[in-house]
Amino acid sequence: MTQTLLSLDGVTKAYPGVVANDDVALQVGHGDVHALLGENGAGKSTLVKMIYGLVKPDSGTMTLMGHPYAPPEPRAARAAGVAMVFQHFSLFNALSVAENIALGMEAPPAQRDLAAQIKTVSETYGLPLDPYRTVGNLSAGERQRVEIIRCLLQNPKLLIMDEPTSVLTPQEVDILFTTLKKLSAAGTAILYISHKLDEIRQICDRATILRRGKNVGYCRPAETTARDLAEMMVGSSFTSPTRKPREIGDVVLHLNDLSLPAPSAFGTALKHINLTVKAGEIIGIGGVAGNGQDELLSALSGEVKATADSVVFNGTSIGDHPPGQRRSLRVFSAPEERLGHAAVPDMSLVENTLISTTSQKDMIRNGFINWPKAREFAEQVIEAFDVRTPGASSTAQSLSGGNLQKFVIGREVLQAPQLLVVNQPTWGVDAAAAAAIRQALLDLAYSGAALIVISQDLDELLEICDYFGVLNAGSLSDTRPVEGLKMDQIGLMMGGADSAEAPQ
Amino acid sequence: MIRLEKRLHPSRALTSLTPILAVILTMIIGGVMFALLGKPPLESIRIIFWDPLFNPQFAAYSRPQLLVKAAPLILIAIGLSIGFRAGIWNIGAEGQYIMGAICGAGMGLAFYPADLFIIFPLMVITGAFGGWAWAMIPALLKTRFGTNEILVSLMLVYVAESLLASVSSGVLKNPDGMGFPGSRNLQQYPAAANSELIANTGMHWGVVACFIAVIFAYVVLTRHLQGFHIRLTGQAPRAARFAGVNPHRVTILCLGVSGALAGMAGLFEVAGPAGQITIDFNTGYGFTAIIVAFLGRLHPLGIVLAGLLMALTYIGGELAQLMLGLPGASIQLFQGMLLFFLLATDVFTHYRVRFGEA
Amino acid sequence: MDLSAINPVLLIASLMVSATPILLAAIGETVVEKAGVLNLGVEGMMITGAVVGFAVAINSGSPELGFICAAIAGAALSLSFGFLTQVLLANQVATGLGLTLVGLGLSALIGKPYEGMKSPTLPALDIPGFSDIPILGPIVFSHDPMVYVSIALVIAVWAVLKYSRAGLILRGVGENHDAAHALGYKVIRIRLLAIMFGGACAGLGGAYLSLVRVPQWTEGMTSGAGWIALAIVVFGSWKPLRVLVGAYLFGGVTVLQLNLQAAGVAIPVEYLSMSPYLITIAVLVFISARGAQTAPASLGRIFHASN
């Protein structure tokens, strides 16, 4: 075993109502690629925040290269040789790559020298970057490169990566892994946070598994099956959702050459999208974030108007209909952003039902709101979808991610849609809630509704969808049946415009 | 180390208590300010807040004045609060107030000296229309071009003031006024006068309109879909679009309503307590109404209380000027401080104070 | 009507003087908004600077001291805005308005005893030889020091924002305050400093009005100059050099309409005095119609560090 670089012992951190990390021990050796594995909510983020100096542990000790290590802030962690690439990038859209990197450094060299350094380092590690491009115009994969280069320019001994592949195409994942292997060979240790079992088995030497804040075991991923890893993560046998055979009915939705301009400077235009969905079918649309998912949902929900004929539902041209009108035709949707888009953070669940149910359930008469009926409906949703909350008067922001998502999806499902479009239905949601949501979607299809599921989680799509297509820079690929679809085929479908060549 | 932690529910209790806290803090700091000016602090506070209501020497005169001063403030503030809830900042209510007065007075004077019962209602409608039209300028510029309504509505205040000066010496000048600028006095033209309905209470038609507006606003905001949409637009614009709210319609509705109400307030004032169109007819009600709206927590009933409180500071301030020689500007400062303290104490409604390390 | 009485050279020279208070306030506010904060209290800070500068100049006999104290007063007042919006997380629009109202009231109070007085003013530069050059002389070489200070300030702000580390950090904070915080930058401290700079500049602008441009103290003498400065920041797309152009354009319009009034042009006085405001509106519409999306992305949004 290589010499220990970082050692955590008995580290504990509690917040009101939840113990995020409970007596956790961790050992990372020099040059190791060490995985930190666990489902959403297991405590991985909190642990690395402590290593990076963003959060202070309540108790326990940390040791870096044999010395006690307790960084008061990220700057101290960086000085000690610890760098971190977050899941949500800290980037400044309107500034250039070089400026972004300069902001992430303690004492950056002069602009010109920095630009030269960026070019050199980025090429050495196979992640080419133009220092003068505006960050807002880069793809998600390129933006991650900026974050990585920013870290590498400080010659870190430990590089922490939080869910790095969630925004990458399969090709980009390969490039990243090549880079990580190079770094590891050069002596940089990597702490790799993920819940993607196949990847961890591909690249990591060792793994520490967290569950509900506790360290539940170590293993060598290469010697452990995915199934065993999953069971260690979740703690019980996995149950895949039940897929009953479904009757497929007539065509319900036609998207005919749906095209829309980009909504803003950093948005994506939709280009000539064609799609057919039948009753009882579930169509999956994959693709890395930033390729038009939000824009497609907005076109389907009615938030953005397209030409009337580009969206035809049961024979009616609804492309230019506003959301309310579409809901009365029983076309419903659930956007990606829970707080701020699908629900209002400061409003109660009762008020939040009004957002998408105004046309039905007797809640509106002559413009006046029937509050008791709204409350009744909210309580129905809470009951049917096992939403854990003190009551319907709780504000949306007081719910956990999983529970709010169950509420949001439940609100749409209980209105018996004929067509339901969801964007990232289980993003950031704990495993139990995610399984419940996927089951609800399957049940809805079984009852005859047509579904479009837009998701970055390929496993999810392959699990519940009948057909699969990929959104790439606003264009939709042809849809293929999910049965028999292989990962490299998917990779090719996702490749499109931003496929990059891996260096030899 | 002191930290602020967001509450999961805004605290109901504190939402009602913070305005009171703000008033008390203002009284304390105000007292200090008066002491620095060489005026006895406790007496000053008493003269401003207590005497106008209860002192037997003045109360009979000043109590009716309370409604007179409060009515335009409340009327304008109700309109403003609807817009503020939607995130639409109509800062130019003063200009809409002036335009309402000009248009309404103009309509009334056009009929002079006829005595028809229809004149006054027509004036009210024209006044509302004048304010509405003036507010439509920022509304249309915002919906069509995305221009910021704060600056446009504010610039229009200065334009309205210039127009006021112009018509006082021009179009609306009193032909029997011996060359002095200013219109005919509407109080002396019975068909057009906004006279007191119940003697010695200060209650004129403006007060009636004010009560109607309050009730209407309350019902719409709490029970009507449009009110819900307005609140939605202010709290979560993306969710509002998701719900199918048309943001342009909300903009036009909010600016239109606040403009109309401000215009009506202007008309009631010019046909009532002020009496005539003059160059300095406007006294800043449009700006004070902003304070009233915030102090009342953008809630119709809160606005009534806040309006009465503000009116009290105006009247008490005049009294203090008379009795203690307190400069008039100190009341303006007082009112500004009230807003500041309210904004400061507001933090406790949404956040909890925590001590200790992160 | 005698248009020939209008001297174009004097017009340009006087437009620079007319533009200077607004330029000072606008360049300060540009820095504030680049850091992501919308401070609508510029009018309040300007008028406070005007009265403090005037009072100090009269009591001390030194207009320079007046300017310094005006800057300090503006910064101090803006600190209250900063505290409310950055520490207590108050709504920026409402707080800015409150600041304006407080400033207007405070200045009227302080200024009462000084009404009608004349203060010592800044001497105009008189470089022998240069100031006598026809055309260029009066325009470039014959102003009082503050005009030059204001131009120098614009250039300094431009250089700092574009080339220095401090400027880069400020722009980062204004662009994405959450990212800046995650990178370890003290967002609140940086914004408070920017706010104080804006307050100091606004104070200087106000003092210029009461000490040089008018020069006298009257209640409410800024007459919306602070609001115009806010509009000019938008007009200049938050770029210092464009803000300079905008301020000078506005100064030009103001001076032109005064000259037209004096020349006895047939348009009524009231309409001429409306023109600067109407033109500001037209400019705002033009800018927004072009769809300029160059505002700092965090502008006006509340920053709350929640780990």
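Mentor: Start with the word contact: two residues are in contact if their C-beta atoms, placed from the backbone, lie within 7 Å. Keep in mind that this is a predicted model.

Trainee: What makes up the contact of chain C and chain B?

Mentor: Chain C gives 37 residues and chain B gives 38 residues. On the side of chain C that touches chain B, helix H4 (92-111), helix H10 (225-235) and helix H12 (269-289) of chain C are the elements that give two or more residues. H4(C) has the largest share of that side, with 12 residues.

Trainee: How do the residues of the side of chain C that touches chain B divide into nonpolar, polar and charged?

Mentor: There are 24 nonpolar, 11 polar and 2 charged residues on that side. Gly counts as polar in this division.

Trainee: How many residues of chain A are in contact with chain B?

Mentor: Chain A has 28 residues in contact with 19 residues of chain B. On the chain A side, helix H10 (323-328) and strand S18 (368-369) are the elements that give two or more residues. By class, that side has 13 nonpolar, 11 polar and 4 charged residues.

Trainee: What is the mean pLDDT of chain A and of chain B?

Mentor: pLDDT is the predictor's confidence in each residue, from 0 to 100. For chain A the mean is 85, and 92% of its residues reach 70 or more. Residues 497-504 of chain A have a pLDDT below 50, and this stretch has 14 contacts in the model beyond near neighbours in sequence. For chain B the mean is 86, with 97% of its residues at 70 or more.

Trainee: Where in chain B is confidence lowest, and where is it highest?

Mentor: It is lowest in strand S1 (residues 2-6) of chain B, at a mean of 74, and highest in helix H11 (residues 247-270) of chain B, at 95.

Trainee: Why is chain B called as compact as a globular protein of its length?

Mentor: Chain B has 14 helices and 2 strands. Its radius of gyration is 21 Å, and the globule rule gives 21 Å for 358 residues; the two values are close, so chain B is as compact as a globular protein of that length. Along the principal axes, the C-alpha atoms of chain B fill a box of roughly 75 × 55 × 35 Å.

Trainee: Which domains does the assignment give for chain B?

Mentor: The assignment gives domain 1 (1-37 + 347-358) and domain 2 (64-218 + 248-326). Their centres, taken over C-alpha atoms, are separated by 32 Å. In chain B, 4 residues of domain 1 are in contact with 4 residues of domain 2. The domain 1 side has 3 nonpolar, 1 polar and no charged residues.

Trainee: What makes strand S6 (82-85) and strand S10 (214-219) of chain A edge strands?

Mentor: In chain A, 6 strands form an open sheet with mixed pairing, in the order S6-S7-S8-S3-S9-S10. S6 and S10 of chain A each pair on one side only, and that makes them the edge strands. From one strand to the next, the twist averages 20°.

Trainee: How do you know that strand S7 (residues 158-162) and strand S8 (residues 189-194) of chain A pair?

Mentor: Pairing takes at least two bridges. S7 and S8 of chain A are joined by 5 bridges and run parallel, so by the cut-off of two bridges they pair. Leu158(A) stands opposite Ala189(A) in S8(A).

How values were computed. Residues numbered from 1 in each chain as written. Chains lettered and ligands numbered in written order. Predicted model: local features only at pLDDT ≥ 70, side-chain atom pairs only at ≥ 80, totals over all residues. Helix = DSSP H or I, 4+ residues; strand = E, 2+ residues; numbered from the N terminus. Domains from an automatic or database assignment. Axes fitted to C-alpha atoms, helices over the stretch in contact; angles between N-to-C directions. Rg over C-alpha atoms; globule rule 2.2 N^0.38 Å.
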